[in-house]
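The structure is shown first, and the notes follow by topic.

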Amino acid sequence: PALLLPEGPSPNFGELTKKYAGDLASITMLRELVRVKAIEKQQDGRYRAIKRHYMLAELEPDAVVRSGSVLQDLGTTINHNLSPEAVRSRFEGRASNPNIHPEHVDEFREFLEQQAQDLLERTDRWLSEHEAAPDESGDSRKIRMGIGIYQIQDKED
């Protein structure tokens, strides 16, 4: 059956999205269903269900592990900074502005990729220069240190 979006006879797609996906915008749900090929757009502009169930697309295991590691690192820093026992907080900062015109999305991405990559490379050099020498005595005081940088963007491109 075809779906009319977001209006149409009840229950329409907008109502169903609100009922089953909470605050998720119906257009976001629509895009995801198209992306995973659960529905397809017809020539008349309506959508036809292809699958009776929705399943997340299969994720790359390495991407999941990396994402989990990023979240763990950020969470550990936040947890440390909120701890009353913390003698000194760890750096955690961000730069954002809610008033950027969408025409600058690609320009910002290019700026960020260049500047962030430069910072990451300088940081990597610093970390390498301060790496502990292999110690045959079994000194286990080595710690992992580094930084993480990520783009903040509330709306899709």
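Buried means under 20% relative accessible area, exposed means over 50%, and partly exposed lies in between (1.4 Å probe, protein chains only). This is a predicted model, in which local features need pLDDT of at least 70 and side-chain atom pairs count only at pLDDT 80 or more, while totals for chains, interfaces and linings use all residues. Residues are numbered from 1 along each chain as its sequence is written, and side-chain values use heavy atoms, with hydrogens and water left out.

**Fold**
- The protein chain has four helices and three strands, taken as DSSP runs numbered from the N terminus (helices H or I, at least four residues; strands E, at least two).
- Along the sequence, their pattern is β-α-α-β-β-α-α.
- Of the 157 residues in the protein chain, 10% are buried.

**Nonpolar surface patch**
- Leu119, Leu120, Ile147 and Ile149 form a nonpolar patch on the surface, with about 300 Å² of accessible area together.
- Such a patch takes residues with over 30% relative accessible area and no salt bridge, and joins nonpolar side chains (Val, Leu, Ile, Met, Phe, Trp, Tyr) within 5 Å, or like charges within 9 Å.
- A salt bridge is a side-chain nitrogen of Lys or Arg within 4 Å of a carboxyl oxygen of Asp or Glu.
- Leu119 sits in helix H4 (residues 105–129) and counts as partly exposed because its relative accessible area is 33%.

**Largest pocket**
- The largest pocket has a volume of about 2,200 Å³.
- Of its 44 lining residues, the closest to the centre are Gly93, Arg94, Gly148, Ile149 and Tyr150.
- Helix H3 (61–82) and H4 are the elements that give two or more residues to this lining.
- A pocket is an open set of points on a 1 Å grid over the protein atoms alone, where a 1.4 Å probe fits, with protein on both sides within 12 Å along at least five of seven lines; lining residues have an atom within 4 Å of a point.
- The lining of the largest pocket divides into 19 nonpolar, 14 polar and 11 charged residues.

**Loop residues**
- Lys37 lies in the loop between helix H2 (26–35) and strand S2 (39–41), and it is exposed because its relative accessibility is 59%.
- Lys37 has a positive phi of about 60° although it is not a glycine.
- Most residues other than glycine have a negative phi.
- Arg90 is in the loop between H3 and H4, and its 41% relative accessibility makes it partly exposed.
- Arg90 and Thr76 are 14 residues apart in sequence and 9.9 Å apart in space, C-alpha to C-alpha.

Notes. Accessible areas come from the Shrake-Rupley method with a 1.4 Å probe; for residues, only the protein chains shown count as cover. Grid points are joined across faces, edges and corners, and a volume is the space filled by probe spheres set on the points. Ala, Val, Leu, Ile, Met, Phe, Trp, Tyr, Cys and Pro count as nonpolar, Asp, Glu, Lys and Arg as charged, and the others, Gly among them, as polar.
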